[in-house]
Amino acid sequence: MSTVVPDPEAPTAIERRGIRLGDALFKGVALVAAVGVAAVLGLLTYKVFALAWPAIQREGLSFLWTQAWNPNTNVYGALTFIYGTVVTSVIALLIATPLSIAIALFLTEIASKRVAAPIATMVELLAAIPSVVLGLWGILVFGPWVANHLEPFLTQWFGFLPIFSGDPSQAGLLPAALVLTIMIIPITSAICRELFSRVPRDLSDGSLALGSTRWEAIRRVAIPYVAPGISAAVLLGLGRAFGEAIAVNQVIGNGNTISRSLFPPADTLGSRIASSYVGASSVIEAQSLLYLGAILLVISLITNVSAQMIVNRFQKARRLSTG
Amino acid sequence: MSATDITDPFDLTSRSNNLVRRRRVERLVSVLAILSAVAAVVLLALVLGTVLFKGLSQLDLAFFTKPAALYGVKGGIADALVGSLLIVLMAMLMAVPVAILVAIYVAEYAGPKAASAFRVMLDVLNGVPAIIVGIFIYGLLVVGHGQSAVYASISLAILMVPMVARATQEMLELVPRHLREASLALGVPRWRTVASIVLPTAIGGILTGVVIAVARVAGETAPLLFTSSITQNQISFNIHNALPTLPLRIFTLSESPSPDDQAAAWAAAFVLIAFVLVMNILAKVFAGRKRRSLEGR
């Protein structure tokens with residue numbers, strides 16, 4: 001039994017080299033694809049800045065806090081659009097975050113599986129609605145409702161606040177922020193749901209066994225456990241809200257000024273680029289629009305990278321604590 | 001430390017620890033959570049219902065066979081359908097093979113550090129706003145060459161790759177180790193193990209990712225503004241010219257004051273939504289198949 005009989009089926013040296021070559025080739029092609037995609041991200045960042053460079057050189061950093069957009073006199077500044085972007089996105093998040101957490105709690109803690117599954121699917125479908133269709137609904141249905149019902153209501157009860165003063169308007173910051181809210185709820189609630197479903201059973205059971213109510217177990221055990229994940233979800237939602245151009249463009253009204261009220265037309269970075277680039281009246285305006293694009297890219301890179309860092313640290317900490 | 005002023009913690013009939021108030025808070029929170037979920041469902045129903053109600057009544061055969069008409073006349077969407085179909089198809093052909101290769105590298109070959117770096121890179125690329133991708137392709141290709149459906153599909157492919165790659169990579173990592181080990185132990189080379197054991201096992205999940213990504217980019221408008229917006233409203237299969245597309249048609253019609261245009265916008269939105277919903281149902285079917293194949297049934 002101990003004699004080694006050469007296996008006639010065993011690969012010869014040449015065949016073995018073929019196998020190794022196939023492996024190396026396959027790995028090589030896959031690596032090229034992966035590095036290629038990374039290179040696209042790098043090239044994209046470079047190209048957007050290269051396109052914006054003439055405007056960055058001409059306008060300098062003061063572009064960031066100049067409030068103007070006048071193609072006739074060729075005076076341009078980004079402040080109106082940075083303001084519009086930040087205000088719409090922050091309002092959207094202030095509404096969407098508690099709603100998303102509540103939806104996630106409903107799906108993981110309250111609803112039975114039979115109820116949770118179809119509702120989770122419907123929330124996912126909300127994310128599937130193309131932004132241009134949501135914008136169409138926003139401009140023709142939602143905007144008029146906001147102007148005729150929501151804004152008069154807000155003025156009546158909270159009119160002493162400057163943000164709810166002034167004449168109602170179909171297009172403006174408020175409808176844009178609310179449309180963004182609809183767009184980010186599915187994103188943040190899906191992540192929150194995933195987070196809550198990962199809270200170790202014994203932790204919440206322990207809290208319940210000590211006599212806390214279900215809500216106390218959620219607030220004092222589950223929410224602290226997933227808090228870093230929720231902040232990452234919020235940042236991802238924020239990144240999405242910052243970058244949305246089309247739906248916002250349809251409902252925000254392309255205003256040129258900063259107003260204390262949320263009602264009158266305004267504009268965001270993405271929306272201004274979408275509405276003006278094709279019809280830009282001069283090279284200088286086109287370059288200034290590209291400058292807006294570079295600002296938008298920087299903002300969304302920062303939000304996304306910080307979200308990733310939080311997620312990574314969260315996962316590492318969990319791995320250490322469980323393993 | 002006298003023991004007399006401490007209430008018995010096991011006395012559940014005692015009201016001293018605010019049990020009533022705590023129960024009330026719990027009930028309130030439950031109601032709020034239920035209301036939030038109901039609000040999300042109602043929103044979906046509102047948007048879908050409006051599109052269905054306003055769009056369906058406008059649909060007839062001519063809407064699908066005629067191209068867009070001049071201002072004030074009711075036209076069709078045949079030209080935009082052809083353009084969207086060609087552009088999304090090309091984007092899919094470009095993005096899917098690349099995305100699957102990237103996923104294979106990350107899941108099968110890369111070390112833990114490289115894998116996590118590539119994952120972050122894909123997620124960051126996924127977070128780049130669509131309009132920025134449009135500017136990028138505009139600066140890289142459209143300047144000097146003019147708009148074209150090919151460039152539009154490249155920009156959509158850039159949006160698709162991270163979505164498909166992440167979905168695929170997660171699926172590949174779900175494939176049980178013992179399947180790979182069994183194949184390698186039989187002397188099957190690594191690449192054939194991946195191609196004939198790992199990929200087929202994960203195929204359901206990969207298809208789910210592809211279908212969802214296709215649905216997402218089919219409705220994407222912003223990159224098309226830069227790459228395929230200056231078009232003639234006639235049916236054309238010439239992919240080297242800018243072609244009219246469904247999302248961009250909805251976008252321009254939605255901002256028109258003409259009631260006819262708005263009616264056409266609803267009808268076009270209905271067609272787009274119907275496509276997206278069908279793709280999502282398809283994704284559910286593939287996801288079901290994935291679960292069965294991973295469970296070995």
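The model is predicted; local features need pLDDT of at least 70, side-chain atom pairs count only at pLDDT 80 or more, and totals for chains, interfaces and linings use all residues. Residues are numbered from 1 along each chain as its sequence is written, while chains are lettered from A and ligands numbered from 1 in the order in which they are written.

Chain A contains 10 helices and two strands. Helices (H or I, at least four residues) and strands (E, at least two) are DSSP runs, numbered from the N terminus. The order of elements in chain A, from the N terminus on, is α-β-β-α-α-α-α-α-α-α-α-α. The C-alpha atoms of chain A occupy a box of roughly 95 × 65 × 35 Å along the principal axes. The radius of gyration of chain A is 26 Å, whereas a compact globule of 323 residues would have one near 20 Å. This radius is taken over C-alpha atoms, and the globule rule is 2.2 Å times the number of residues to the power 0.38.

Burial was assigned from C-beta atoms placed from the backbone. A residue is buried if 20 or more other C-beta atoms lie within 10 Å of its own, exposed if 12 or fewer, and partly exposed in between. By this criterion, 45% of the 323 residues of chain A are buried. Contacts were defined by C-beta atoms, placed from the backbone, that lie within 7 Å. Among contacts in chain A between residues at least 6 apart in sequence, 76% link residues at least 24 apart.

Chain A is assigned domain 1 (9-59) and domain 2 (64-322). Domain bounds come from an automatic or database domain assignment. The C-alpha centres of domain 1 of chain A and domain 2 of chain A are 34 Å apart. Nine residues from domain 1 of chain A and eight residues from domain 2 of chain A form the contact. On the side of domain 1 of chain A that touches domain 2 of chain A, seven residues are nonpolar, one is polar and one is charged. Here Ala, Val, Leu, Ile, Met, Phe, Trp, Tyr, Cys and Pro count as nonpolar, Asp, Glu, Lys and Arg as charged, and the others, Gly among them, as polar.

Two asparagines of chain A have a positive phi. Most residues other than glycine have a negative phi. A:Asn74 has a phi of about 55 degrees. A:Asn74 sits in the loop between strand S1 (69-70) and strand S2 (75-76) of chain A. A:Asn74 is partly exposed, because it has 13 C-beta neighbours inside 10 Å. For A:Asn254, phi is near 50 degrees. A:Asn254 belongs to the loop between helix H8 (246-252) and helix H9 (269-276) of chain A. With 17 other C-beta atoms within 10 Å, A:Asn254 is also partly exposed.

Chain B has 11 helices and zero strands. Of its 297 residues, 49% are buried. In chain B, 76% of contacts between residues at least 6 apart in sequence join residues at least 24 apart. The assignment for chain B gives domain 1 (3-56) and domain 2 (61-294). The centres of domain 1 of chain B and domain 2 of chain B, taken over C-alpha atoms, are separated by 39 Å. Their contact involves six residues from domain 1 of chain B and five residues from domain 2 of chain B. The side of domain 1 of chain B that touches domain 2 of chain B has four nonpolar residues, one polar and one charged.

Within chain B, the axes of helix H7 (residues 177-185) and helix H8 (residues 190-218) come within 10 Å and cross at roughly 145 degrees. Axes are lines fitted to C-alpha atoms, for helices over the stretch in contact, and angles run from 0 to 180 degrees between N-to-C directions. H7(B) contributes B:Leu179, B:Arg180, B:Ser183 and B:Leu184 to the contact, and H8(B) contributes B:Arg190, B:Thr193, B:Ile197, B:Val198 and B:Thr201. This contact has four nonpolar, three polar and two charged residues.

Between the chains, 66 residues of chain B are in contact with 68 residues of chain A. Helix H1 (residues 19-56) of chain B supplies the largest share of the chain B side, 18 residues. The chain B side that touches chain A comprises 48 nonpolar, 12 polar and six charged residues.

Technical notes: Contact = placed C-beta atoms within 7 Å.
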